[in-house]
Structure formats: structure tokens, C-alpha cells
Amino acid sequence: MTPCEDDDLVARAKQGDREAFEALVRLHADRLHAVVRRLVDDPGEAEEATQEAFLRAWRSIGRFKGDSQFFTWLYRIGVNEAHRITSRRAGRGPVVRLDDEVVQPSDPGPGPATRVEHADLRAALEAAIGALEPEYRIPLVLRDIEGLSTAEAAQVMDIGEAALKSRLHRARLAVRDAVRDYLPDEADR
Amino acid sequence: MMRAMLLHPWRFGHDHRMTRALASNFLDGELDQDRSARVAAHAHVCPPCARFLASLRQTITGLRDLRETSEAPSVRDGVIDRLRSEGQAPDGD
């Protein structure tokens, strides 16, 4: 992400420059979608939530004060939109669940046995993430998968850094407990 | 001498609990120097904590690897289409 580039585009978008905002979409849409996909069950609804987040961001960008980076403000809108959709679905079935699909690693590594181990660990990790409650899943997705800093993830969730760290630690422990049979140093114990 | 101090029951128990509670901060490099050194020293004399830290580190590495292998199709065009068809002008300040 490029905060300086964002700043210029945001300034132009605040003046109503739609092309500038579309440039922000091109910079951030797929990463925001990656976050939302891990929070919303249905792939179609995840895309809808991503679109809604950008529509809301466009309509309210005049109120973006620049107290945080643009993408943390955008992620907060996206996370809230994902929450709104999962809440709407709550009475109709599972609130949140990850895709069952396991994507093969792009770099398969040295051999078939290693590929199987990676795929097994991936599947176990995905299932473990999917079993987390949103308040623990969101910090894990933002911090460990998307690579946001503690401060950035805390801003997205609108909580303090201490609370973010506490939730992240609990989430990691839950995931670690769920996947420990697939970890290299644990499997042979 | 140092090892004996680390293995003193009171110190060992305290450091053990601290290691479990602060493991994420330790692995993220977000502990101050004193506590980080204390966790590292405890893991040196406590095999269960050494394994605990190793497995947590592997878990975090595995989570980070998930990002690199995401192959979802781009949604950029869909977002831009929605903006062009439904996106009203931004609200004023």
C-alpha cells in the first residue's frame, strides 16, 4: 500500500473526482475483498459487501479527516459491512464460515509429500479460522494474514492496542491448538 | 548460577506464566527488552515453553502464508461498475 499515493487520490476524491476514487478502488479492492471473504460465508455476499463498502466510502469520503490512513478507514467500513451482512444472515444459518475450497500453494515446494503437508496445514488453518468468533477472527485476519500493524488493526476495529493484542493472542492460541497435529515439530511428538 | 536462579520455583513459575501470556507479544517483537530477555531465558530452561513458542511461531508463519496463496478473482471491475451506476456524489464535509 502506498499512503502518499493514497493521500493525493483521496484529496482529489474529496473534491468529487470519481476517477481518483476509482484509482483507489484499483489499489485496494482486492485486498479489502480478501479480508471480507474471510468474514462472510457466501462468496457472492462477500463481493457485495466489498462493493457496498466502496459505495459507502465514496459517499462519505468528504467526512474522512485523515486521522488514520485511508486504507484503515476503508477496512473499517468493510469490516462493518461484513458484520452487517453476517448479522442479517444470522437467523438463516451459519453466521460466518470460510470457503471449503483449499487453494494450492503457488510455490508447491520440493516434492509431493511436502505439498500434501502444506495442503493439510492450509486446510486445518482455514477451518480453525472459520471456527473463531468474529471478535477474534478479525484481529487474526487483519494482523497475521493481511499484515497490518497492531496499531492499524486496532484502528480498523476501533479498539485499543492492548485489547487488540489480547484478542489476537487468544485467536492464535485457538488456531494453534486446532492445527498442532499438522505442525512439523508437533506431529512427531 | 544464572540457571539455578531461573529454575528457582518461584521465579520459574512466574516466568512460565509470563511466557504463556506474552508469547504473541514476544514473537511479534512487541515486548520491552527486559521482558523479552526473560521470556527467552525461560524458554531456554523450559522445554514445554520452548515447544509452545515454536508451535505458535509456526502457526503465525502458516497464517501469513495464507495471504500469498489467495487466488480469488479480482473484484475491481465489479466495484467500479457499481460506483458508476449507483455512486452518487460524495456528501459534503
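**View 1. Helix H6 of chain A and the glycine that comes after it.** In this predicted model, H6(A) is followed by Gly147(A), whose phi is positive, near 80°. Helix H6 of chain A spans residues 134–145 and is mostly covered, since 10 of its 12 residues are buried; the buried residues of H6(A) include Tyr136(A), Arg137(A), Pro139(A) and Asp144(A). Helices are DSSP runs (H or I, at least four residues), numbered from the N terminus, and a residue is buried if 20 or more other C-beta atoms, placed from the backbone, lie within 10 Å of its own. Residues are numbered from 1 along each chain as its sequence is written, and chains are lettered from A in the order in which they are written. Because the model is predicted, local features need pLDDT of at least 70 and side-chain atom pairs count only at pLDDT 80 or more, whereas totals for chains, interfaces and linings use all residues.

**View 2. The surroundings of Leu164(A).** Leu164(A) lies in helix H8 of chain A, residues 161–179, and is buried because 23 other C-beta atoms lie within 10 Å. Not counting residues up to four places away in sequence, Leu164(A) touches Pro139(A), Thr150(A), Ala153(A), Ala154(A), Met157(A) and Ile159(A), where contact requires C-beta atoms, placed from the backbone, within 7 Å.

**View 3. The side of chain B that touches chain A.** In this view, 36 residues of chain B are in contact with 45 residues of chain A. Helices H2 (9–27), H4 (47–68) and H5 (76–86) of chain B each supply at least two residues of that side of chain B, and the largest share, 13 residues, comes from H4(B).

How values were computed:
Two residues are in contact if their C-beta atoms, placed from the backbone, lie within 7 Å.
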